[in-house]
Amino acid sequence: MSSESREKFTQSKLDRCISCGYCLPACPTYQLTGEEQSSPRGRITLMRALQDGRLPFSDEGAQEQASFCLGCRACEPVCPAGVEYGVLLEEWRDITWRGRKRPLIIKALFQMVSAPWRVQLMSALSPIARKRKSSTDIHLALGCFERRLFPKVSRAVAKLAPNISIDPTQGCCGALHAHNGDLEGGKALAKKLGEKLPGTILSTAGGCAAHLSAVLGQERVQEFSQWWSGNLKPMIRNGKPIRIGLQDSCHLRNGMGVFKEPRKILAQLGEYVEVPDAQGCCGAAGSYSLLRSRDSKKVIAPKVAAIKELGLDYLVSVNPGCTRQLKSALRRSKVKTKVVHIAELIALGP
Amino acid sequence: MAEQSLASALTALLGADRVFADSAAREAYSRDATPLFRGLPEVIVAPHSTQEVAEVVKFARATKTPIIARGAGSNLCAATVPLNGGIVVSMMQMKKIIEVSRNEMLAVVQPGVSTTQLDDAVAKEGLMYVPDPGSKTVSTIGGNAATSAGGLRGLKYGTTKNYILGLEAVLGTGEVIRTGGRLVKDVAGYDITRLLIGSEGTLAIFTEITTALTPRPKSAQYGVAYFNTLADASIAVDAIVSAGILPATLEFLDNTCIKAVEDFAHLGLDAQAGALLLFGDDGNSESVAKTVGAMADISSSARGVRAVTLAPDVAAAEALLYARRCSLPALARLGSMSILEDISVPRPQLSRAAEAIEKISEKHSLLIGTFGHAGDGNLHPTIVLDKDDADEVKRAEHSLSDIFNLALELGGTITGEHGVGSAKLPYLRAKLGDVSLSLHHNIKSVFDPDRILNPGRLGS
């Protein structure tokens with residue numbers, strides 16, 4: 001079904017929900033409000049009302065919930081009935097955020113990554129990893145916003161993995177589109193990237209990895225911490241191993257089931273400390289921090305307090321959106337902990 | 001009163017951020033975890049204090065508006081579906097753990113605290129909040145008290161009604177009462193606490209709950225026995241308890257459940273077996289080993305036994321417990337709708353109940369998977385069906401009636417731990433009889449003279 005013609009949810013996916021409510025405690029927006037309509041079960045009740053015509057898709061309260069949801073998918077691993085909530089949310093936005101109804105910020109972001117040359121433009125001023133061709137079948141996905149914001153990440157990977165190919169002429173993976181109401185566009189971009197980067201795609205962004213693996217198949221995609229297999233020595237600073245915490249990437253954890261892997265790496269690098277609610281969304285949620293900046297800050301607030309208490313040297317992220325969100329939140333609260341991507345930390349060496 | 005004026009009057013009372021009357025909010029609160037029941041409330045309020053609850057109740061009384069208290073909405077008997085419209089009072093903004101007293105072994109909490117939150121908080125003091133309904137991660141203490149929730153530890157430890165020491169509650173008049181308290185012994189007056197437990201929001205709205213705690217067991221051990229039929233497993237359960245053993249865990253699954261769980265979770269269960277019995281105990285490790293060993297011995301020589309094994313480590317034990325816990329979701333995946341029932345029978349009648357349910361399943365050509373708390377005589381026959389198949393839905397309704405009649409014939413009850421709500425109200429008279437039902441009605445009049453609290457349920 002093309003994005004132009006979608007008017008309904010996939011019925012069988014809606015039918016999956018047994019309304020047990022096991023998702024409620026896992027949902028960050030429900031934690032904020034305590035209101036049923038901002039819980040996953042409540043949102044599915046709304047989707048059913050939309051599907052059956054009891055509510056019009058234009059209903060303001062319903063639209064607000066489609067937008068308020070972070071899309072973190074923390075409800076999926078705790079769901080006993082296996083509801084694919086992330087897919088249902090994508091369908092919801094595909095129906096309601098079509099054409100003129102799409103938020104302006106999202107339209108602008110779509111524009112920025114609409115063609116490979118535009119994506120390349122994003123790294124015009126940032127020194128990302130250089131182009132190179134290797135004999136192995138592994139290609140680095142460079143990400144769009146990661147190139148611009150955190151060019152050191154691809155350079156770190158290039159240094160740590162001399163055998164992978166890097167092609168800066170690649171385009172966007174389409175995760176942005178899939179999460180913001182353009183499902184078909186999101187799929188098409190992922191497929192295009194899959195053709196451009198044959199073999200295994202290595203990604204340093206949990207969000208991109210999860211989207212690519214959903215479209216291309218998980219055998220085609222490896223997130224960096226999943227792929228890394230080297231042995232590491234502890235990093236010693238001031239005579240002591242460094243204290244490291246991790247913020248999970250929601251889609252990496254809830255979509256791909258990858259969360260043990262980065263912890264294993266970090267436990268080799270120093271004293272690993274589990275941040276309370278590390279699996280809970282940091283509020284970045286892709287474009288959410290731009291669209292709903294105030295809610296995004298509310299979501300991260302308790303996390304910042306917890307991180308401050310732990311006195312970490314490094315807080316490790318596995319997704320650029322999270323890196324940006326954590327950096328700015330910690331800066332605002334004057335917390336000294338440095339935020340780095342896991343590849344950057346490994347590349348620092350002992 | 002029209003929705004808008006209801007909402008604006010309540011807004012004047014509580015402030016705009018506590019009152020919701022938009023279509024989306026009303027839709028979201030039109031359901032709980034019970035299939036087939038739906039009803040739109042006119043307005044939802046989220047009070048922050050006992051005082052605010054009392055004011056809402058007074059307002060509802062003055063305007064004769066139905067008022068339904070709601071926690072997490074995880075009940076399975078349609079106890080919180082606003083079938084008559086009215087005001088839903090969400091207790092989810094009152095979620096403080098006020099006190100955990102180690103020397104008195106009790107906790108004082110607001111009603112919106114979840115069962116798991118309370119148990120986690122008291123675990124830090126080496127204590128345990130015993131009742132553990134399947135929905136414990138989401139269900140609230142307020143909701144547990146209102147339905148007298150059960151769980152997997154009933155046989156040895158009892159259920160919610162055994163763990164509530166005192167309540168603060170708002171009556172249907174808007175008056176606030178305190179019942180019970182912090183004392184182990186206190187026989188001054190009628191036991192109103194016990195009367196309110198399980199009253200499903202029809203007599204009062206709980207605003208503070210004092211719960212009893214027990215020392216947290218230091219170890220636990222589990223084993224599994226396979227039988228040819230659920231009736232065989234039931235006979236083994238009866239033999240275990242008759243031998244003077246009172247274990248923490250005696251749970252079973254029939255073949256339909258075993259197959260569904262195995263397809264879903266791949267735990268290496270014996271999918272050919274007619275029944276799986278999970279047994280276990282907690283406490284100090286020596287006595288646990290003895291009890292679990294004895295249960296294994298009794299099972300090994302019971303009728304129709306296929307195999308008995310003890311879980312060698314924590315991981316194996318976890319897998320067994322998971323098999324039991326995921327029975328419902330595993331079954332639910334087999335159809336577009338599942339109706340989870342909850343009858344209870346005297347333990348010696350368990351094998352007859354198991355056999356009869358199988359016959360009911362055949363009679364109505366329905367897929368019914370049965371699991372349950374065997375030690376408590378509490379069975380959860382679960383009908384899995386296609387919600388769009390009108391004939392199948394009809395047959396399911398007939399089979400429910402058969403199941404309830406069966407329970408009553410065997411000296412059992414129509415609900416062991418889920419509650420009556422709206423779902424089982426039609427069968428309440430058969431269980432209670434005319435005199436008792438009319439007593440319920442009269443009791444309701446005393447607590448709630450204008451019959452505004454959760455109308456249409458229990459003694460209404």
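Tutor: Let's begin in strand 4 of chain A, where A:Gln222 is the bridge partner of A:Leu202. This is a predicted model, in which local features need pLDDT of at least 70 and side-chain atom pairs pLDDT 80 or more, while totals for chains, interfaces and linings use all residues. Residues are numbered from 1 along each chain as its sequence is written, chains are lettered from A and ligands numbered from 1 in written order, and side-chain values use heavy atoms, without hydrogens or water.

That residue pair belongs to a parallel pairing of three bridges between strand 3 of chain A and strand 4 (residues 221-223) of chain A. Strands here are DSSP runs of E with at least two residues, helices are runs of H or I with at least four, and numbering starts at the N terminus. Two strands count as paired if DSSP finds at least two bridges between them. Strand 3 (residues 200-203) of chain A also pairs with strand 1 (residues 138-141) of chain A, in the parallel sense over four bridges. There, A:Ile138 faces A:Thr200.

Still in chain A, A:Glu274 and A:Arg263 form a salt bridge, with their closest N and O atoms 2.8 Å apart. The term means a side-chain nitrogen of Lys or Arg within 4 Å of a carboxyl oxygen of Asp or Glu. A:Arg263 sits in helix 15 (residues 260-269) of chain A, and A:Glu274, 11 residues away, in the loop between strand 8 (271-272) and helix 16 (288-291) of chain A.

Now to chain B. One open sheet has five strands in the order 5-6-10-8-9, with antiparallel pairing. Its edges are strand 5 (97-101) and strand 9 (176-180) of chain B, each pairing on one side only. Inside this sheet, strand 6 (residues 106-109) and strand 10 (residues 204-212) of chain B run antiparallel and share four bridges, with B:Val109 opposite B:Ile209. Helix 4 of chain B lies across strands 5, 6 and 10 of chain B, at about 40° to strand 5. Such angles run from 0 to 180 degrees between N-to-C directions of axes fitted to C-alpha atoms, for helices over the stretch in contact; contact means heavy atoms within 4.5 Å. B:Thr116 is in helix 4 (residues 115-123) of chain B, and its side chain reaches the backbone nitrogen of B:Thr137 at 3.3 Å.

A second open sheet in chain B has four strands in the order 1-2-4-3 and mixed pairing. Strand 1 (19-20) and strand 3 (67-70) of chain B form its edges. Strand 1 runs antiparallel to strand 2 (residues 43-45) of chain B, joined by two bridges, and B:Phe20 stands opposite B:Ile44.

Finally, the two chains meet: 31 residues of chain A are in contact with 31 residues of chain B. About 2,200 Å² is buried between them, 52% of it from carbon and sulfur atoms; buried area is the accessible area (1.4 Å probe) that two parts lose on being put together, summed over both. Three salt bridges are counted between chain A and chain B. In one of the salt bridges, the side chains of A:Asp15 and B:Lys387 come to 3.5 Å, N to O. On the side of chain A that touches chain B, helix 3 of chain A gives the most, with six residues.

Terms used. A polar contact is a pair of N or O atoms within 3.5 Å; within protein, one must be able to donate a hydrogen and the other to accept it, and residues adjacent in sequence count only if both atoms are side-chain atoms.
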